[in-house]
Amino acid sequence: MSDASKNVAKVEQIVNTYIEESRQESIGNLLEAMGDQFFTAPASTRKDVGYAYPGGLADLSLRVCYWAHKLNETMESKIPTSSVMLVG
C-alpha cells in the first residue's frame with residue numbers, strides 16, 4: 001500500500017470515527033472534488049522547510065490532527081473531538 005493510500009485510509013478513519021454524521025457527506029464531497037491533489041501535494045514548494053515532498057500536505061495535516069487530539073485530551077479540554085479534527 002502506498003503512502004497516499006495509507007493517508008486516504010487514515011483520513012477516512014478520522015472522518016468516520018470523530019466527525020458527526022451530518023458533516024461526513026460534505027467532507028467526502030470536498031475530498032472527492034480535490035481528488036488526489038490533497039494526498040499527493042507537498043505542504044510547501046520551498047525545499048528548505050518540512051513536508052516539502054509529494055504527500056507532505058496530507059502527512060502534515062494528519063500529524064496536526066494527532067497532536068491537537070492528544071493536547072485536547074491532556075488538557076482535559078471541553079472542546080469536542082469533532083471540532084479538533086476539523087481544525088486539523
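A nonpolar core is a set of buried Ala, Val, Leu, Ile, Met, Phe, Trp, Tyr and Cys residues joined through side-chain atoms within 4.5 Å. In this predicted model, the largest such core has 11 residues. Helices H1, H3 and H4 each give two or more residues to this core. The points below start with the core and then turn to the helices.

**The core**
- The residues of the largest nonpolar core are Val11, Ile14, Val15, Ile19, Ile27, Phe38, Phe39, Ala58, Leu62, Cys65 and Met85.
- The elements that supply two or more of these residues are H1 (3-18), H3 (37-40) and H4 (56-74).
- Phe39, a member of the core, touches Ala4, Asn7, Val8, Val11, Leu31, Gly55 and Ala58, when residues up to four places away in sequence are not counted.

**H1 against H4**
- Two packed helices are described by the angle between their axes and the distance between the axes.
- For H1 and H4, the axes come within 10 Å and cross at roughly 35°.
- The crossing of H1 past H4 is left-handed.
- On the H1 side, the residues that meet H4 are Asn7, Lys10, Val11, Ile14 and Tyr18.
- On the H4 side, the residues that meet H1 are Ala58, Asp59, Leu62, Cys65 and His69.
- By type, the residues of this contact between H1 and H4 divide into six nonpolar, two polar and two charged.

**H4 and its buried residues**
- H4 has 19 residues and spans 27 Å from its first C-alpha to its last, close to the 27 Å expected at 1.5 Å a residue.
- Gly56, Ala58, Ser61, Leu62, Cys65, His69 and Asn72 are the buried residues of H4.
- The cover over these buried residues includes H1, H3 and H5 (81-87).
- After H4 comes Glu76, which has a positive phi near 50°.

**His69**
- Why does His69 count as buried? Its relative accessibility is 13%, and buried means under 20%.
- His69 lies in H4 and is in contact with Tyr18, Thr81, Val84 and Met85, leaving aside its neighbours within four places in sequence.

**H2**
- H2 (residues 21-34) has 14 residues and reaches 21 Å from its first C-alpha to its last, close to the 20 Å expected at 1.5 Å a residue.
- How many of the 14 residues of H2 are buried? The count is one, and H2 is hardly covered.
- Gly35 follows H2 and has a positive phi near 65°.

Technical notes. Residues are numbered from 1 along each chain as its sequence is written. This is a predicted model: local features need pLDDT of at least 70, side-chain atom pairs count only at pLDDT 80 or more; totals for chains, interfaces and linings use all residues. Side-chain values use heavy atoms; hydrogens and water are left out. Buried means under 20% relative accessible area, exposed over 50%, partly exposed in between (1.4 Å probe, protein chains only). Helices (H or I, at least four residues) and strands (E, at least two) are DSSP runs, numbered from the N terminus. Contact means heavy atoms within 4.5 Å. Axes are lines fitted to C-alpha atoms, for helices over the stretch in contact, and angles run from 0 to 180 degrees between N-to-C directions. A crossing is left-handed if the near helix is turned anticlockwise from the far one by less than a right angle, and right-handed if clockwise. Ala, Val, Leu, Ile, Met, Phe, Trp, Tyr, Cys and Pro count as nonpolar, Asp, Glu, Lys and Arg as charged, and the others, Gly among them, as polar. The expected span of a helix is 1.5 Å times one less than its number of residues.
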